[in-house]
Amino acid sequence: MNEIADILAPAGSDTTAGVTKLAIMAVGGQGGGVLTNWITEVAQKGGYRVQATSVAGVAQRTGATIYYIEMAPRTDHLPVFALAPSTGDIDILIAAELMEAGRAMMRGFVSADRTTLIASTHRVLAIEEKLVPGDGRADPAPVMAQAKEQALRAVWHDFDAAATGSGSVISASLFGALAASGTLPFERTLYEDVIRASGRGIEASLAAFAAGYDGATAGVSEVENMPDIPSGITTPDGPADLIGGWRALEARVEKLPEAVRPISLRGLEKVVDYQDVAYGSDYLDHLEKAREKGGGFLVEAAKYLANAMCYDDLIRVADLKTRASRDVRLRNEQGADRDAIVHVTEYFHPRAEEVVGAFPAGLGGFIERRGSLMKALDWLVNRGRRVRTDGLRGWLSLWMVSGMKPFRRRLLRHKIEAEHLERWYSLALEQSDEALGIEVLKCRRLIKGYSDTHARGLSKYDRVIGALPDLAERDDAADWLRRLREAALQDEQGDALDGALRTIGTL
Amino acid sequence: MAERSFAKEVQQLRVGAGTTFRGEGILAITKALLENGVGYVGGYQGAPISHLMDVLADAQEILGELGVHFEANASEAAACASLAASVHYPIRGAVTFKSAVGTNVASDALANLASGGVKGGALLIVGEDYGEGSSIMQERSYAFAMKSQVWMLDPRPNLPSITAAVRHGFELSEASNTPVMLQVRIRCCHVTGEFEAKDNLPPPMTVKDALENPRRDHSRVALPPSTYSHEQEKVHQRWPDAVKYIRENKLNEVFGPEKARVGIICQGGMYNGVIRALQRLGLADMYGETQVPIYCLNVTYPLIPEEIVVFCGGKDAVLMVEEGQPKHLEEAVGAMLYRAGGTCKLVGDGPFPKAGELTGQIMLAGISSFMGDYGAAMLPPEGRASNAPPPVPVLTDVVPPRPPSFCTGCPERPIFAAAKLVEQDLGPHHIACDIGCHLFSINAPFDIGATTVGYGLGPASAAAFNAPDANRRSISFMGDGGFWHNGLATSIGNAVFNQNDGVIVIVDNYYSAATGGQDILSSRAENATKSTQHPIRDAVAGMGVKWIRQIDRTYDVGKVRAVMTEALTTKVKGPKVVIASSECSLNKQRRERPIKAAAEKDGKRVVATRFGVDEDICTGDHACIRLSGCPSLSVKKLDDPLRDDPVASIDQTCVGCGNCGEVADAAVLCPSFYQADIVHNPNAWDRWWDRQRRKVIGRLQARRDAKRLRFSHL
């Protein structure tokens, strides 16, 4: 970006004031070329001379792409148009994705004295954001804040949703937004004529055009923020005796500090749904042990205790995959209505470890301690299994596995998980520094996934918690533990974590 | 069948005089070829001239009507060699390819062709893949023109200028018996505009005429002693002839006032950028009427010393606007001015950076700096003062980079997922890459591959890593495009002959996919004008490879992993070749989607496959994404305060390739993925079975639900 500083930007003497300069920044595959052609057509029909260029090439394969258009009212002379957009010299910048709007601003293609920014608020996440084991999503707020300062006018809307809602793609809704912005001196009908003349999918394109037009007129749809307070607390349905049991648990939650109640209820629901009412009672027993602690500790305990108690075992997976509610959600996701015939294939790959976890604790432990038995069991079960859960054989086999739920507390996996929970939770409770205790609770976040991923998570947890003795004496121990945890979530193998641990070694 | 069809646009190629032709640069070039009686055309695809090849392929009917032969050459070398048809016969020929890489490949043919010279006009249309959007190392084609002595045209980037350059290219070539390069840059290839069309001209002599009336002239063959006379001929005859033609036809243009203290010399391709900078400085009007004289080099090789010396005469300073490095033009012009004893100062390096694309902002900065130093009096008051630079936004840490990657459903993704798993099992290996979509493996999430040194050269670039006593083998990748372009002999033949012990993976996606899905020898499709369906396996076996494994469904990650593991561990000596074949998803979708839609509309039973993630089973570790990178596999935040991390999610663009499910299985990740096959227009049997299943499942679900607490949002 050093280039920008080098410019001797002229003011007032520019002879291209009569030229409208428009750039489109998109992600490869979003249809930037179609939008460019439409805009070119509109300009031509509207009595303009127009020139479009692009750098079609390797970036079309899901990379960041740019298209550029210049136009001027038609006269007898040919204007000389530029072939590429220049810093500080763009009238209209269309960004087909939120971060591409940010990229346009970084490149200096949006300026406060002249640029109308038309940008979609939706995200197409870059691979760098997606592959992080934690939450690697970039924060959209700075981009939108920057647009407030850097653009003459910013038109934000989720143009992707506007388009897909009409069964079309974003090029059509952005075309509508351009029309609505009034930055080009053409009537709406001219834009629509261009779409009509373009051939395929006219009705859907026109609908998306209208949705984009209305969206741009309506303006910003706020970027969604996660609610802090849990929502949707409802009374469950079920047999009367269980409802009674639930009411008793609710009464216990009522005795907790007010700030802790909503999240505790969510935790309680999760635990009871996972196992039963008695398990919910166990959950509250654990939570009540922290009654002496502050509200901050209790909130985190309520959250992570629920997650720790609802570990992912064969029974849970089988239970979730055989529920009626799952079928409803799946159809919703796939756009299939209730009556549609949907064949569902699950991709399973159980190993001896998972299977032995579903054995009674005594037998399971016996096998686990003997390598040859484990090997034999692994040979028996360890392979990829495709299970058709819309079919009776597949569904029934999962249904039977989920039927083991009443025995869960006697199984090996439960024993392991309960012991681990006990160690982790006591460790958090016994910290005299409450902030440090909270951080210990939060480290539970590191344990997730199945098989190798789960093992890797456990190892990261152990490494982070293992640093506790070195930190305990420090005033900023809680902050250090937080940093270690965040480092652990940055990459798969824990390289960032190792780096952070080395730093601690030098303290 | 290529990625983009020009079937509609090529109809415009038929229009005659009196019509205004509207379209892209490449289409205009094609039209100009036909208007100038071209007898044969050829080339090899690659950005930015891929579409020129696609246009030619789609225009074969029109070409045939005119008696023009079209050749989709096996490589740039083959394309350039085909210009030999113009050596003895007065037939005009044109070939096109990506440059500088294509010219590298073609340079053997180019040098020999240029030695003997040509009788018919021979045009090389080189797409200069330089600057933003380029996919190759940053070099100039200019040195090739100099070393082989072929002329280089660099016309102003508008349709009338490029089409005129095609005509002049042929005439200049014939007037000087020298092949001519017509250089077009990325944006020029795709620029839209219009020009006045002329009637198409069938070639006065066709290749058929030539074949039936063969000629030879011993003195044109590049073999001593003729080569010695060719060299003399080049400088004593062809060069002066070229200069004469260029001057007489005023190929280079002078704009602006005759008298001024300063001036600008620019490559034709830079003209619009120069004018835009002058416009922004208030020194040129909207239509290019400039106050600063410009000498525009529509021919950059050879230079015309007389014109340059005259232009610079009486000027204090002249700015040389030249893109790329080395600065061949600046050095040559400087020497000319020195020899002429002039006092004009030549400026270039200084206001302009030593390397890189001359973007709008660099052009503006360079020209305003030059004008400030040498022509301040001409600048309007506003242009003289340096305004404060615009604020630099603070988004560098926010906006993620977005490099190109494998498309949704790409069959190459599972190959590299398998390779990543193999490396997890057997440790890291030296991995050599090649040119093609598969080179995206070097980016996240795969991060696989150490080098890439040329098309079809992947395995050759691992040739030195052949130590039979080493306990690890090299792995090299090569695409089907590279294989047929160069790899069969240079990579496979080399490995067989030298008993290389490495593993070679040939990524076969049925097309030259990265360049836009053109057909090649092993394409499975029927092609009306080309011979396809020649299996790579047969070619590899024919070269003498003994250990060959063919994989016909690359999405089977477990199988790819097993085969690669076997190749890396087998006791068999010599090259181990794995051919991993599945059709390019982009092309497959384009082929199948309309067929399926039509079938569904006709009431036929159609199964649509997509994948999904059970959000309550996914724990948000994203291990699946680290083995995939599929654009349709993303993450989403759940409305659940108990969950910290976003979970994996598959969007509507999923094409149901199955990679995510296969990866979850092969890498033993998690049971979150499911495959949903929606049966459109089910038959009676489908419906009957569905009813029975629902009856049983529904009853059992109701029974269990009656005995438990049910929360509406769980």
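Are α11(A) and α13(A) roughly parallel or roughly antiparallel to each other? View 1 takes up this pair, and the other views follow. The model is predicted.

**View 1. Helices α11 and α13 of chain A pack against each other.**
Helix α11 covers residues 261-274 of chain A. Its axis and that of α13(A) are 9 Å apart, at an angle of about 10°. Angles under 35 degrees count as roughly parallel, and α11(A) and α13(A) are therefore roughly parallel to each other. The contact has 7 nonpolar, 2 polar and 2 charged residues. On α11(A), the contacting residues are Ile263(A), Ser264(A), Gly267(A), Lys270(A) and Val271(A). They meet Val299(A), Ala302(A), Lys303(A), Leu305(A), Ala306(A) and Met309(A) of α13(A).

**View 2. The largest nonpolar core has 352 residues.**
Leu117(A), Trp151(B) and Val274(B) have the most contacts inside this core. Helix α13 of chain A, residues 295-309, gives the most to the core, with 10 residues. In soluble globular proteins, nonpolar side chains tend to be buried together.

**View 3. Helix α3 of chain A is largely enclosed by the rest of the structure.**
This helix spans residues 98-106. Of its 9 residues, 9 are buried, so the helix is largely enclosed. The buried residues include Leu98(A), Met99(A), Ala101(A), Ala104(A), Met105(A) and Met106(A). Glu100(A), Gly102(A) and Arg103(A) are buried too. What do the buried residues of α3(A) pack against? The partners in chain A are strands β1 (20-27), β3 (64-73), β4 (92-95) and β5 (116-120), together with helix α5 (141-150). Gly108(A) follows α3(A), and its phi is positive, near 80°.

**View 4. Leu421(A) sits in helix α20 of chain A.**
Helix α20 runs over residues 412-429. Is Leu421(A) buried or partly exposed? A residue needs 20 or more other C-beta atoms within 10 Å to be buried. Leu421(A) has 17 C-beta neighbours inside 10 Å, so it counts as partly exposed. Apart from residues up to four places away in sequence, Leu421(A) touches Ala308(A) and Met309(A). Tyr304(A) is 117 residues from Leu421(A) along the chain, yet their C-alpha atoms are separated by 9.9 Å.

**View 5. Ile264(B) is a buried residue of strand β10 in chain B.**
Strand β10 covers residues 262-267. Ile264(B) has 28 other C-beta atoms within 10 Å and is buried. Leaving aside neighbours within four places in sequence, its contacts are Val274(B), Val292(B), Ile294(B), Val318(B), Leu319(B) and Val321(B). Val274(B) is also one of the residues with the most contacts inside the largest nonpolar core. Val243(B) lies 21 residues from Ile264(B) in sequence and 21 Å from it in space, C-alpha to C-alpha.

**View 6. Chains A and B are in contact.**
How many residues does the contact take from chain A and from chain B? Chain A gives 128 residues and chain B gives 112 residues. Strand β7 of chain A, residues 341-348, supplies the largest share of the chain A side, 8 residues. By class, that side has 61 nonpolar, 38 polar and 29 charged residues.

**View 7. Domains 1 and 3 of chain B touch.**
Chain B is assigned domain 1 (9-248), domain 2 (253-384), domain 3 (413-587) and domain 4 (605-706). The centres of domain 1 and domain 3 of chain B, taken over C-alpha atoms, are separated by 34 Å. Their contact takes 10 residues from domain 1 and 9 residues from domain 3. Helix α2 of chain B, residues 50-58, gives the largest share of the domain 1 side, 3 residues. The residues of that side divide into 4 nonpolar, 5 polar and 1 charged.

**View 8. Chain B has 24 helices and 24 strands.**
Its C-alpha trace spans about 100 × 70 × 60 Å along the principal axes. Of the 714 residues in chain B, 55% are buried. Among contacts with a separation of 6 or more, 79% join residues 24 or more positions apart.

Methods. Residues are numbered from 1 along each chain as its sequence is written. Chains are lettered from A and ligands numbered from 1 in the order in which they are written. A nonpolar core is a set of buried Ala, Val, Leu, Ile, Met, Phe, Trp, Tyr and Cys residues joined through C-beta atoms within 7 Å. A residue is buried if 20 or more other C-beta atoms lie within 10 Å of its own, exposed if 12 or fewer, and partly exposed in between; C-beta atoms are placed from the backbone. Helices (H or I, at least four residues) and strands (E, at least two) are DSSP runs, numbered from the N terminus. Axes are lines fitted to C-alpha atoms, for helices over the stretch in contact, and angles run from 0 to 180 degrees between N-to-C directions. Angles under 35 degrees count as roughly parallel, over 145 as roughly antiparallel, 65 to 115 as roughly perpendicular and the rest as oblique. Two residues are in contact if their C-beta atoms, placed from the backbone, lie within 7 Å. Ala, Val, Leu, Ile, Met, Phe, Trp, Tyr, Cys and Pro count as nonpolar, Asp, Glu, Lys and Arg as charged, and the others, Gly among them, as polar. Domain bounds come from an automatic or database domain assignment.
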